[in-house]
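These are my notebook entries on one protein chain. I set down what I looked up, one topic at a time.

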Amino acid sequence: MNPLDFAQHEYWMRQALDQAQQAFEAEEVPVGAVIVYEDQIIAAGFNQRETLNDPTAHAEMLAITQAATALQSWRLIDCTLYVTLEPCPMCAGAIVQARVPRVIYGTTDPKGGACETLYQITADPRLNHRAVTFGGVLQAECKQILQRFFAKQRSLGKK
């Protein structure tokens, strides 16, 4: 990746980190996502499973729904999804279904990552669509907010 691309990816990932901070403040697992189309954010989301009592209310899922509404199409071609944590199987499946061509994520998810870590859903040649994924953008910051959140939860005696 050329340095200009990396700087651009860092810029958008910082926007996703802002979303993760909102999740942290709402006492949600701090994962944030933004979807970029034609050099502007058309959708943003953060985890809201606790707030909405919805197991599907992951940052990526909320952002994908917003982006589809913004583009008035379920096909999110020419979009890039930036997310602070490697997508889970549910979100990776939604990425494939929405035809998102690029996924940039911050840190891996050793317990549920479905782009590279545990599964490679977004690259599976058996599926009708694949997304190019690139991880490690602002990895330290993305990992740190998660670590702070779970340390806080443990100190409060929460699971």
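**Entry 1. Helix α4**

I began with helix α4, which covers residues 89-97, and looked up which of its residues are buried. The model is a predicted one. I found that Cys91, Ala92, Ala94, Ile95 and Val96 are buried. I recalled that an α-helix has 3.6 residues a turn, so residues three or four places apart point the same way.

Next I asked: what covers the buried residues of α4? I noted that the cover includes helix α3 (59-71) together with the strands β3 (79-85) and β4 (102-107). I also looked just past the end of the helix, where Arg99 takes a positive phi of about 65°.

**Entry 2. How α3 and α4 pack**

Two packed helices are described by the angle between their axes and the distance between the axes. For α3 and α4 I read an angle of about 20° and axes 9 Å apart. Angles under 35 degrees count as roughly parallel, and α3 and α4 are therefore roughly parallel to each other. I recorded their crossing as left-handed.

I then looked up which residues meet between the two helices. From α3 these are Glu60, Met61 and Ile64, and from α4 they are Met90, Cys91, Ala94 and Ile95. Sorted by class, the contact has six nonpolar residues, no polar ones and one charged one.

**Entry 3. Ala63 in α3**

I stayed with α3 and looked up Ala63, which lies in that helix. Is Ala63 buried or exposed? Its relative accessibility is 0%, so Ala63 counts as buried. Setting aside residues up to four places away in sequence, I found that Ala63 touches Ala33, Ile35, Ala43, Ala44 and Gly45.

Ala57 has its place in the loop between α2 (49-52) and α3. I found Ala57 buried, with a relative accessible area of 0%. Beyond its neighbours within four places in sequence, Ala57 is in contact with Phe46, Asn47, Gln48, Arg49, Leu52 and Leu62.

**Entry 4. Thr107 in β4**

I turned to strand β4, where Thr107 is found. With a relative accessibility of 3%, Thr107 counts as buried. I listed what Thr107 touches, leaving out residues up to four places away in sequence: Thr84, Leu85, Glu86, Gln139, Cys142, Lys143 and Leu146.

**Entry 5. Salt bridges**

How many salt bridges are there? I recorded a count of two.

One of them joins the side chains of Arg14 and Glu141, at 4.0 Å from N to O. Arg14 lies in helix α1 (residues 3-25) and Glu141 in helix α5 (residues 139-155), so this pair ties together parts that are 127 residues apart in sequence. I checked how accessible each partner is. Arg14 counts as partly exposed at 40% relative accessibility, and Glu141 counts as partly exposed at 31%.

In another salt bridge, Arg126 pairs with Asp124, and the closest N and O atoms are 2.6 Å apart. Here I noted that Arg126 counts as exposed, at 74% relative accessibility, whereas Asp124 counts as buried, at 14%. I also looked up Arg126 against Ala63: they are 63 residues apart in sequence and 26 Å apart in space, C-alpha to C-alpha.

**Entry 6. Positive phi in two loops**

Finally, I looked up backbone angles in two loops. Asp39 has a phi near 60°, a positive value in a residue other than glycine. Asp39 lies in the loop between β1 (32-37) and β2 (40-46). At 56% relative accessibility, Asp39 counts as exposed.

Asp78 is not a glycine either, and I read a positive phi of about 70° for it. Where is Asp78 placed? I located Asp78 in the loop between α3 and β3. Its relative accessibility is 53%, so Asp78 counts as exposed.

Notes: Residues numbered from 1 in each chain as written. Predicted model: local features only at pLDDT ≥ 70, side-chain atom pairs only at ≥ 80, totals over all residues. Heavy atoms only, no water. Buried < 20%, exposed > 50% of the residue type's maximum accessible area, 1.4 Å probe, protein only. Helix = DSSP H or I, 4+ residues; strand = E, 2+ residues; numbered from the N terminus. Contact = heavy atoms within 4.5 Å. Axes fitted to C-alpha atoms, helices over the stretch in contact; angles between N-to-C directions. Parallel < 35°, antiparallel > 145°, perpendicular 65-115°, else oblique. Left-handed = near helix turned anticlockwise from the far one by under 90°. Nonpolar A, V, L, I, M, F, W, Y, C, P; charged D, E, K, R; others polar.
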